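Here are a few notes to read with the model open beside you. Take them one at a time and find each residue as you go.

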Amino acid sequence: MKKSILALATLTLAATSATATERMNPADLRRVTKARESIAPAVQREFGPKARFINLFGQGPGMLAGIVAEIPTQPLGTDDLPLLAIVQYDETTGAVKVVDREFKYREARTVGPNVALLDGEGNLRLRGPGVREKLLAQGVGGDLFPTAKGDALVATLKARGNEAHETSVGIIDLNGRVKVLADGPGVDATPSISPDGKTVVFVSGRTSVASFYVTSVEGEAPRQLTNVGMENWMLFEGVPAHFVPPPVSSHHMEWLGPDVLRYNAGGGAFWKINVRTGQAAPDLGDTR
């Protein structure tokens with residue numbers, strides 16, 4: 001599965017670029033700097049001097065970080081992202097704890113008291129307290145995002161068999177039940193679920209331009225929120241004035257309320273979108 005909107009230059013590395021730093025909300029820049037100051041020395045101590053963390057998954061006390069054994073010397077294609085070891089990072093205290101030191105994971109997210117671990121083969125496992133672990137689902141493409149209650153998570157699912165669509169969006173409960181919520185032509189991916197557990201927002205390329213769509217956990221027909229009426233040829237001569245960029249991943253999304261989603265649009269830029277109206281704008285923050 002090709003993940004055209006995911007690359008190694010994620011939020012954690014964005015601040016190393018002068019251009020990205022200039023575009024970052026000051027609060028995000030402080031957050032990234034603080035994370036680096038805590039995680040970088042712990043990673044080198046636990047995994048060796050060449051190890052680096054390249055991604056953050058989630059927010060708050062349950063934040064996780066993905067670790068590579070060393071930064072690749074050559075640029076990688078999006079189908080060749082390195083496998084990760086996983087550590088937990090508490091934003092409040094700065095404490096760093098190893099979750100799994102094997103380099104075999106694509107993603108990880110905290111789900112209530114558990115940790116969901118997605119390996120390189122698309123197997124999603126749930127690890128509970130005391131390192132109890134069970135297989136939740138197979139054929140998972142990534143983009144893990146847990147419910148606020150910690151009783152399920154939404155994710156991108158890989159196509160199976162002779163299905164025409166490359167990916168779909170589904171919800172997976174902690175008993176391993178998988179329900180497909182959106183499955184349109186091409187790629188449906190990068191889902192997020194609202195704090196009340198009812199609304200699911202995702203990105204689709206079904207109109208040829210990556211756009212936000214909204215559905216529900218009941219699987220209502222998806223409704224396009226952004227870039228309505230745009231086609232890919234309109235982007236050839238520059239970005240249209242009303243173009244809303246897609247997120248780089250589900251990992252850097254956070255809900256500011258029941259209707260407002262904040263996300264990383266890449267290059268250090270964060271945006272806010274109202275998932276009822278589709279209104280979206282950059283989140284520039286302030287200078288404090």
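This is a predicted model: local features need pLDDT of at least 70, side-chain atom pairs count only at pLDDT 80 or more; totals for chains, interfaces and linings use all residues.

1. Leaving aside residues up to four places away in sequence, Asn227 touches Val209, Ala210, Ser211, His242, Phe243 and Val244. As for its place in the chain, Asn227 sits in the loop between strand 15 (223–224) and strand 16 (253–255).

2. Is Asn227 buried or exposed? Its relative accessible area is 4%, and buried means under 20%, so Asn227 counts as buried.

3. Now look for the aromatic rings. The structure holds three aromatic pairs. One of them is formed by Phe202 and Tyr213, and this pair is stacked, at 5.8 Å centre to centre with 20 degrees between the planes. If you wonder where those two numbers come from, a pair of aromatic rings is described by the distance of the centres and the angle of the planes.

4. Which strands does that pair link? Phe202 belongs to strand 13 (residues 199–204) and Tyr213 to strand 14 (residues 211–216), so to speak distant parts of the chain, 11 residues apart.

5. Check the surroundings of both rings too. Phe202 is buried, with a relative accessible area of 0%, and Tyr213 is also buried, at 4%.

6. Elsewhere in your list, look up Arg101, which lies over the face of Phe47 at 5.4 Å from the ring centre.

Key
Residues are numbered from 1 along each chain as its sequence is written. Side-chain values use heavy atoms; hydrogens and water are left out. Helices (H or I, at least four residues) and strands (E, at least two) are DSSP runs, numbered from the N terminus. Buried means under 20% relative accessible area, exposed over 50%, partly exposed in between (1.4 Å probe, protein chains only). Contact means heavy atoms within 4.5 Å. Rings of Phe, Tyr and Trp (its six-membered ring) pair if their centres lie within 6.5 Å; planes under 30 degrees apart count as stacked, over 60 as edge-to-face and the rest as tilted. A charge sits over a ring if NZ of Lys or CZ of Arg is within 6 Å of the ring centre and within 35 degrees of the ring normal.
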